Amino acid sequence: MPTPLMVRSELLNQDLTGKTYVVTGANSGIGLVTTQQLARQGATVVMGVRRVKEGQRVAAEIRRETASAQLFVYPLELADLASVRAFAAEVNRNHPKLQGLVNNAGVMKTPFGHTKDGFETQFGVNHLGHFLLTNLLTEALKAGAPSRVINLSSYFHEFAMGRKGEIHFDDLNYHSRPFDSWEAYAQSKLANLLHARELGRRLAGTGVTTASVNPGFVHTNLLTVPLPMWLQRLVVIPVMRLAGMIEPWEGAQTTLHALLAPEVAQHSGAYYSQMARYKDKASRAGGWPLRSPNPVAHDDAVAARLWNASQALVQG
Ligand SMILES: NC(=O)c1ccc[n+]([C@@H]2O[C@H](COP(=O)([O-])OP(=O)(O)OC[C@H]3O[C@@H](n4cnc5c(N)ncnc54)[C@H](OP(=O)(O)O)[C@@H]3O)[C@@H](O)[C@H]2O)c1
């Protein structure tokens, strides 16, 4: 197994005082480590969380390490577009200039269900909630340019447990086709990648650049296994490590690179990948950027069609 790609140290030591970033799902896993690092570097971070008490607990913990941390915890439920609109209004009111939006929150392999607005849970939370949020924060990102939008995708945008990553325009929300939770996750993560690609094209020349990210196979709550903790520690975690699982600090590296490395602005819309188990062996070491092995990920017509379909759904 290759070793994880790591951010250049000068990027992690640069002073970010005066810069403001929004991170969704900032209370846990990759979002938490991203928030912690940006705060250490002096940035202001707006934490979008669905469990506000937990967000405040985590913010207090970060402040214990970095007393000067500028953290704002606002409620954000991505499974409810009214909550997305309320969160965006709060951000626009208090932080009219943004240097970054990290669309990080996500769910994986959820049972069949729908968001408040009737979208399949994974497509609704992972893609459509973030799609609307990005639209609503675009003016603030333009006002704060140079700025970045980073979407957390996954190597599962290619294949998720044998299910091919595709956008099913005929039935995006599983109204009539049989539901498969891995297939729905793959669709949502391909949507995250295509959203960043199309957004990058649309925002060319504004100073707002975009990227999508595969963080790798990361030890976070997303991978919760329904087994007793002792068994997980003794067997599951060591086996997963042998299979390439990395820790959240390593999992946040690709996000931090996409957000902070100056050269990323030259490749707006590109995909950045940590090492991962792609079907295509040549891609397994990862790449910043990496040409996705999924041909749909390069299809501008699909990206544009997804944009139009998403716009119609979040307005409807
Ligand atoms: N871990 C991996 O191996 C891996 C691999 C590829 C891609 N990713 C992607 O990385 C991103 C971060 O995941 P993670 O691994 O750090 O998992 P995590 O620790 O479970 O973090 C996910 C975050 O998203 C939040 N969230 C979930 N549903 C939400 C909703 N409806 N509204 C608002 N926030 C919501 C969670 O809030 P709660 O704490 O309240 O649940 C949590 O803060 C995800 O987009 C995931 O798809 C992860």
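Which helix holds both Glu90 and Arg93, and how many residues apart are they? Both lie in helix α4 (residues 81–94), 3 residues apart, about one turn of the helix. The points below place this pair in its wider setting.

1. Basis of the note. The structure is a predicted model, in which local features need pLDDT of at least 70 and side-chain atom pairs count only at pLDDT 80 or more, while totals for chains, interfaces and linings use all residues. Residues are numbered from 1 along each chain as its sequence is written, and side-chain values use heavy atoms, with hydrogens and water left out.

2. Glu90 and Arg93 are joined through their side chains by a salt bridge, at 2.6 Å from N to O. A salt bridge is a side-chain nitrogen of Lys or Arg within 4 Å of a carboxyl oxygen of Asp or Glu. Glu90 counts as partly exposed at 26% relative accessibility, and Arg93 counts as exposed at 56%. For these classes, buried means under 20% relative accessible area, exposed over 50%, and partly exposed in between (1.4 Å probe, protein chains only). Helices (H or I, at least four residues) and strands (E, at least two) are DSSP runs, numbered from the N terminus.

3. Salt bridges across the chain. The whole structure contains 15 salt bridges. One of them links Arg8 with Glu263, whose closest N and O atoms are 2.8 Å apart. This pair connects distant parts of the chain, with Arg8 in the segment before α1 (9–13) and Glu263 in the loop between α9 and β9, 255 residues apart. Arg8 is partly exposed at 33% relative accessible area, and Glu263 is partly exposed at 32%. Arg8, Glu10 and Glu263 form a network of salt bridges.

4. A link between α10 and α6. Asp300 and Arg197 form a salt bridge, with the closest N and O atoms 2.8 Å apart. Asp300 belongs to helix α10 (residues 300–315) and Arg197 to helix α6, so the pair ties together parts that are 103 residues apart in sequence. Asp300 counts as partly exposed at 41% relative accessibility, and Arg197 is partly exposed with a relative accessible area of 24%.

5. The sheet. Seven strands form an open sheet in the order β3-β2-β1-β4-β5-β8-β9, with parallel pairing. Its edge strands are β3 (70–75) and β9 (270–273), each of which pairs on one side only. From one strand to the next, the twist averages 20°. Two strands pair if DSSP finds at least two bridges between them; strand β8 (residues 208–214) is joined to β9 by 4 bridges, and the two run parallel. Ser212 stands opposite Tyr271 in β9. Both faces of β9 are covered, as Ala270 and Tyr272 on one side and Tyr271 and Ser273 on the other are all buried.

6. Helices across the sheet. Helix α5 (residues 121–143) lies across β1 (20–24), β4 (100–103), β5 (147–152) and β8, and runs at about 170° to β4. Helix α6 (residues 181–202) lies across β5, β8 and β9, at about 160° to β8. Axes are lines fitted to C-alpha atoms, for helices over the stretch in contact, and angles run from 0 to 180 degrees between N-to-C directions.

7. His127. This residue lies in helix α5 and counts as buried at 1% relative accessibility. Apart from neighbours within four places in sequence, His127 is in contact (heavy atoms within 4.5 Å) with Gln122, Ser188, Ala191, Asn192, His195, Leu306 and Ser310.

8. Helix α9. Of the 8 residues of helix α9 (residues 253–260), 8 are buried, so the helix is largely enclosed by the rest of the structure. Among them are Gln253, His257 and Leu260.

9. A nonpolar patch. Trp230, Leu234, Val235 and Val239 make a nonpolar surface patch of about 440 Å². Patches are made of residues with over 30% relative accessible area and no salt bridge: like charges are joined within 9 Å, and nonpolar side chains (Val, Leu, Ile, Met, Phe, Trp, Tyr) within 5 Å. Accessible areas come from the Shrake-Rupley method with a 1.4 Å probe; for residues, only the protein chains shown count as cover. Val239 lies in helix α7 (residues 229–242) and is partly exposed, with a relative accessible area of 49%.
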